[in-house]
Amino acid sequence: MNKFLKKLDELAGTNRESSIVRWLERIAFVFLILMAVSAPHSIAATQTAWITGMFVWVVRLFFRPRVKLKFGVLDVALWGLFGWSVVSSLASYEPATSIDRLRGTALFLIVYFVIYNLRNLRAVYFAVFMLILSCMVNVAWTPVQRLIGRGVEIHGLRPDSPLAKALLWEGDTLLTADGKKLYTPEEFAERIEQNDLTKIKFYRPDFEFTVDVKRADMLQGANGLEKLGIQSWKKSRNWRSSGFYGHYTTYAEVLQLIASLVFGLLIAAFAAVPRRRKEVGILAVCIAGLSLALLLTVTRASQLAFMISAASIVIVGLGKKWIWRAALIGLPIAIIGLLFLQRSREVGFFDAKDDSIKYRQTMWRDGVRIWTENPRHLLVGVGMDSIQKHWREWGMFDGGRMAMGHFHSTPVQLLVERGLPALLIWLIILGIYTRTLWKGLKQNVSGDWRARGILLGCLGGMIGFFAGGLVHYNLGDQEVAMVFFMLMGFGVKVTQLSNNGLSAEAAA
């Protein structure tokens with residue numbers, strides 16, 4: 001036990017004279033690592049690790065030696081956005097709802113939790129390694145899950161089938177009956193026969209739906225196929241991968257951020273003198289896996305965001321002359337992605353007929369209209385989530401004919417919910433963060449390829465996060481925001497340590 005604690009202290013930089021302070025710092029560091037391990041998989045586990053570790057760190061602030069809290073322009077901007085969000089919530093059409101949503105806005109505190117509990121570069125590298133390693137678990141499972149298949153994909157659907165009467169179509173995939181996963185037509189037929197009504201969840205590109213199937217509509221037959229009125233079935237291998245999150249957009253946005261981090265490390269290892277051949281090989285395998293998982297989410301915006309991120313990393317890390325070589329490698333991958341998109345979702349990359357694009361365009365028009373129709377809205381917005389109760393009076397969602405949701409754009413969402421100052425402050429935050437990373441890249445006196453790789457990855461991830469945020473409200477997706485702010489903490493901390501000329505073993 002003593003040997004383990006000694007190694008932990010060396011890694012975390014928690015060698016304090018006071019045993020109470022040492023234990024508090026140890027616990028906070030362990031929960032930070034648990035947060036990094038949980039982030040690619042579970043919002044609940046990630047939040048629990050962060051909140052617990054944050055509480056322990058706040059308690060530690062009351063003990064000596066005092067932690068020296070530094071306050072710079074990035075801090076002013078981060079707290080400025082939170083402060084303006086409070087003002088907007090108080091002025092909201094639904095103050096109680098908007099104030100409750102401030103919990104998500106407070107996720108920027110993860111930046112401080114990371115910065116003040118990673119005391120040396122070695123600790124930063126360990127946290128980054130654990131984040132990537134943990135993500136590779138679901139990345140490895142994603143193609144395996146696709147090979148195994150899921151549900152019951154129905155074919156040869158008869159018009160008098162109980163499924164057809166419940167509005168299922170040819171090629172739909174039956175997933176669950178009354179919430180229970182079933183794997184054969186016989187199981188579905190038996191389940192339907194047990195109740196007057198059975199709730200069947202099924203998949204139809206791009207969404208999952210639930211319908212009621214009536215026992216009275218079941219057909220006579222000797223087996224499940226005949227009773228359900230279908231000629232054949234197979235395991236489905238056509239769906240949008242969502243990792244362990246349960247939603248493909250969230251998974252895709254997180255993959256984009258972590259893939260950018262890995263790609264930054266890959267470019268730094270490739271450019272290092274001497275070249276880190278072993279590390280290049282390992283990181284290349286990781287990028288291949290992450291790219292495949294991102295492809296299987298069939299999420300166009302996140303895929304394009306990663307391509308923009310990767311191009312930015314290549315230009316900054318290797319120079320403009322390498323962009324053409326990278327394009328020759330990336331072009332075949334992009335073509336494969338387009339073909340896979342066409343096959344999986346039956347839409348093109350920029351398809352005006354795609355329902356999801358039509359939905360976004362409607363939401364953007366509604367958002368701009370609501371934001372500009374009232375001076376109050378221009379300044380402080382309508383309040384976070386207030387549209388949930390006022391959408392009818394504001395004429396949203398095509399009069400209720402479209403599904404209720406959000407504005408599918410971080411800039412539009414900020415404008416409508418929190419006003420123009422909120423968007424301006426957010427852009428300032430990204431600008432300051434970019435300058436910080438750029439400064440770290442230019443003044444990296446340690447010369448360690450890992451530090452440079454993290455900075456490149458964080459820079460690319462930020463660019464991809466902004467690009468994806470134009471059509472996704474990724475700042476409002478808590479799983480994605482937590483990973484983004486974690487990477488922001490990594491990038492800022494590496495910049496601080498590198499600029500101070502600290503080695504991997506030096507304390508902060």
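Helices (H or I, at least four residues) and strands (E, at least two) are DSSP runs, numbered from the N terminus. The structure is a predicted model: local features need pLDDT of at least 70, side-chain atom pairs count only at pLDDT 80 or more, and totals for chains, interfaces and linings use all residues. Residues are numbered from 1 along each chain as its sequence is written, and side-chain values use heavy atoms, with hydrogens and water left out.

Backbone geometry was examined next. Most residues other than glycine have a negative phi, and most peptide bonds are trans. His408 has a positive phi, near 50 degrees. His408 sits in the loop between helix H19 (397-400) and H20. The residue is buried (under 20% relative accessible area; exposed is over 50%, partly exposed in between; 1.4 Å probe, protein chains only). The relative accessible area of His408 is 18%. Val298 also carries a positive phi, near 50 degrees. Val298 belongs to the loop between H13 and helix H14 (300-318). With 1% relative accessibility, Val298 is buried.

Two cis peptide bonds are described here. One runs from Arg64 to Pro65, with omega near 0 degrees. Pro65 is in the loop between helix H3 (43-60) and H4. The other runs from Val273 to Pro274, with omega near -5 degrees. Pro274 lies in the loop between helix H12 (248-271) and helix H13 (277-297).

Rolling a probe the size of a water molecule over the atoms shows where empty space is left. The search used a 1 Å grid over the protein atoms alone; a cavity is a set of points where a 1.4 Å probe fits but cannot get out, and lining residues have an atom within 4 Å of a point. Grid points are joined across faces, edges and corners, and a volume is the space filled by probe spheres set on the points.

The largest cavity has a volume of about 210 Å³. Its lining comprises 18 residues, of which Gly104, Thr105, Arg418, Leu475 and Phe485 are the closest to its centre. Helix H4 (73-90), helix H6 (102-105), helix H21 (420-442) and helix H23 (478-499) each give two or more residues to this lining. For composition, Ala, Val, Leu, Ile, Met, Phe, Trp, Tyr, Cys and Pro count as nonpolar, Asp, Glu, Lys and Arg as charged, and the others, Gly among them, as polar. By this scheme the lining of the largest cavity holds 12 nonpolar, four polar and two charged residues.

The second largest cavity holds about 50 Å³ of space. Its lining residues are Thr410, Pro411, Leu423, Trp426, Leu427, Phe465, Phe466, Gly469 and Asn474. Helix H20 (410-418), H21 and helix H22 (449-469) each contribute at least two residues to the lining of the second largest cavity. Six of the lining residues are nonpolar, three are polar and none is charged.

Cysteines were checked last. A disulfide is a covalent bond between the sulfur atoms of two cysteines. The criterion is a pair of cysteine sulfur atoms within 2.5 Å. The whole structure contains zero disulfides. Cys286 is in none; its nearest cysteine sulfur, that of Cys135, is 9.3 Å away. Cys286 is buried, at 13% relative accessible area. Cys458 is likewise in no disulfide, and the nearest cysteine sulfur, that of Cys135, is 15 Å away. Cys458 is buried, with 2% relative accessibility.

Definitions and conventions:
1 Å grid on protein atoms, 1.4 Å probe; cavity = no way out; pocket = protein on both sides within 12 Å on 5 of 7 lines; lining within 4 Å.
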